[in-house]
Amino acid sequence: MYYSKLRSKARASLKGNWLIAVGLFVVSLLLFGAPDFILNPDEYDFSWKDVVIVALSILLMPISLGLIWAWVDLSRGKKIGFGHLLEPYKTMFGKSILVSLLQGILLFLWFLLLVIPGIIKSFSYMMTYYILRDEPELSPLQAITKSRKMMDGHKGEAFVLGLSFIGWILLGIVTIGIGFLWIAPYMSVTYAHFYNTIRAEHEEKSTF
């Protein structure tokens with residue numbers, strides 16, 4: 001797989017869309033951090049504030065799907081907007097929470113075994129949210145299983161694709177995180193193109 005070609009496709013997708021892409025990323029960060037920022041407990045003891053933070057964090061899980069869906073749509077030449085972040089609430093609110101929790105539990109159990117198996121499985125499951133964009137009728141477990149099958153033989157490619165951004169990541173660190181406002185969307189859209197590529201390959205194999 002040509003990683004430079006995937007990055008080139010991502011830049012083409014982001015051309016003229018950088019402002020909305022950065023905006024989506026910033027808004028999602030603010031929403032994810034809001035519960036802790038507003039109710040940040042002053043004590044280490046378990047309190048009602050901890051319960052509220054956990055509850056709000058769970059309720060905000062669909063935003064992760066909406067953000068991924070925005071990157072997928074952008075990679076396919078479609079317009080994106082802040083409505084993408086709310087779309088899962090309208091179409092699969094319960095399922096989006098269930099798939100996030102189930103994936104988190106599975107990864108937690110794998111990491112309990114050893115770090116390496118946990119990392120490998122994280123790559124196996126990484127296409128779950130992307131798949132639900134194209135196949136919303138799948139159950140959480142079916143989406144996770146399909147991601148595992150789709151990533152068979154591609155986990156190393158996904159890892160190397162991430163490594164190809166090491167220079168950009170270092171730049172983000174040097175800029176005290178400010179650079180990640182652009183780097184994160186760039187990487188995300190690149191992985192959306194990666195998904196499009198391996199999905200097409202998976203579907204082609206399935207026809208034989």
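The following legends describe close-up views of a predicted model.

Local features are given where pLDDT is at least 70 and side-chain atom pairs where it is 80 or more, while totals for chains, interfaces and linings use all residues of this predicted model. Residues are numbered from 1 along each chain as its sequence is written, and side-chain values use heavy atoms, with hydrogens and water left out.

**View 1. Helices α11 and α12 cross at roughly 155°.** Helix α11 spans residues 166-174 and helix α12 residues 180-206, and their axes come within 9 Å. Helices (H or I, at least four residues) and strands (E, at least two) are DSSP runs numbered from the N terminus. Axes are lines fitted to C-alpha atoms, for helices over the stretch in contact, with angles from 0 to 180 degrees between N-to-C directions. The pair α11 and α12 is therefore roughly antiparallel; angles over 145 degrees count as roughly antiparallel, under 35 as roughly parallel, 65 to 115 as roughly perpendicular and the rest as oblique. The crossing of α11 and α12 is left-handed, a term for a near helix turned anticlockwise from the far one by less than a right angle, with clockwise giving right-handed. On the α11 side, Trp 168, Ile 169, Gly 172 and Ile 173 meet Phe 180, Ile 183, Tyr 186 and Met 187 of α12; contact means heavy atoms within 4.5 Å. Seven of the residues in the contact of α11 with α12 are nonpolar, one is polar and none is charged. In this classification Ala, Val, Leu, Ile, Met, Phe, Trp, Tyr, Cys and Pro are nonpolar, Asp, Glu, Lys and Arg are charged, and the others, Gly among them, are polar.

**View 2. Ile 176 lies in the loop between α11 and α12.** Most residues other than glycine have a negative phi. Ile 176 is not a glycine, yet its phi is positive, at about 60°. Ile 176 is exposed, at 77% relative accessibility; exposed means over 50% relative accessible area, buried under 20% and partly exposed in between (1.4 Å probe, protein chains only).

**View 3. Helix α7 (residues 115-124) and its covering helices.** Gly 118, Lys 121, Phe 123 and Ser 124 are the buried residues of α7. Their cover includes α6 (93-113), α9 (140-150) and α10 (155-163). The axes of α7 and α10 come within 9 Å and cross at roughly 95°, which makes α7 roughly perpendicular to α10. In this contact Ile 120, Phe 123 and Ser 124 of α7 meet Lys 155, Ala 158 and Phe 159 of α10. By class, the contact of α7 with α10 has four nonpolar residues, one polar and one charged.

**View 4. Arg 133 forms salt bridges with Asp 73 and Glu 87.** A salt bridge is a side-chain nitrogen of Lys or Arg within 4 Å of a carboxyl oxygen of Asp or Glu, and the count by this rule is seven. Between Asp 73 and Arg 133 the closest N and O atoms are 2.5 Å apart. Asp 73 lies in helix α4 (residues 62-75) and Arg 133 in helix α8 (residues 128-134), so this pair links parts of the chain 60 residues apart. Asp 73 is buried, with a relative accessible area of 6%. The N to O distance between Glu 87 and Arg 133 is 2.7 Å. Glu 87 lies in helix α5 (residues 83-91), so its pairing with Arg 133 in α8 ties together parts 46 residues apart in sequence. Glu 87 is partly exposed, at 23% relative accessibility.

**View 5. Arg 199 pairs with Glu 203 in a salt bridge.** The closest N and O atoms of Arg 199 and Glu 203 are 3.1 Å apart. Both residues lie in helix α12, four residues apart, about one turn of the helix. Arg 199 is buried at 10% relative accessibility, whereas Glu 203 is partly exposed at 39%. A network of salt bridges links Arg 199 and Glu 203 with Arg 76, Asp 134, Glu 135 and Lys 146.

View 6. Ser 13 is buried, with a relative accessible area of 11%. Neighbours within four places in sequence aside, Ser 13 contacts Leu 74, Ser 75, Val 189 and His 193.

View 7. Trp 182 is partly exposed, at 44% relative accessibility. Not counting residues up to four places away in sequence, Trp 182 touches Trp 18 and Val 22. Leu 163 is 19 residues from Trp 182 in sequence and 17 Å from Trp 182 in space, C-alpha to C-alpha.
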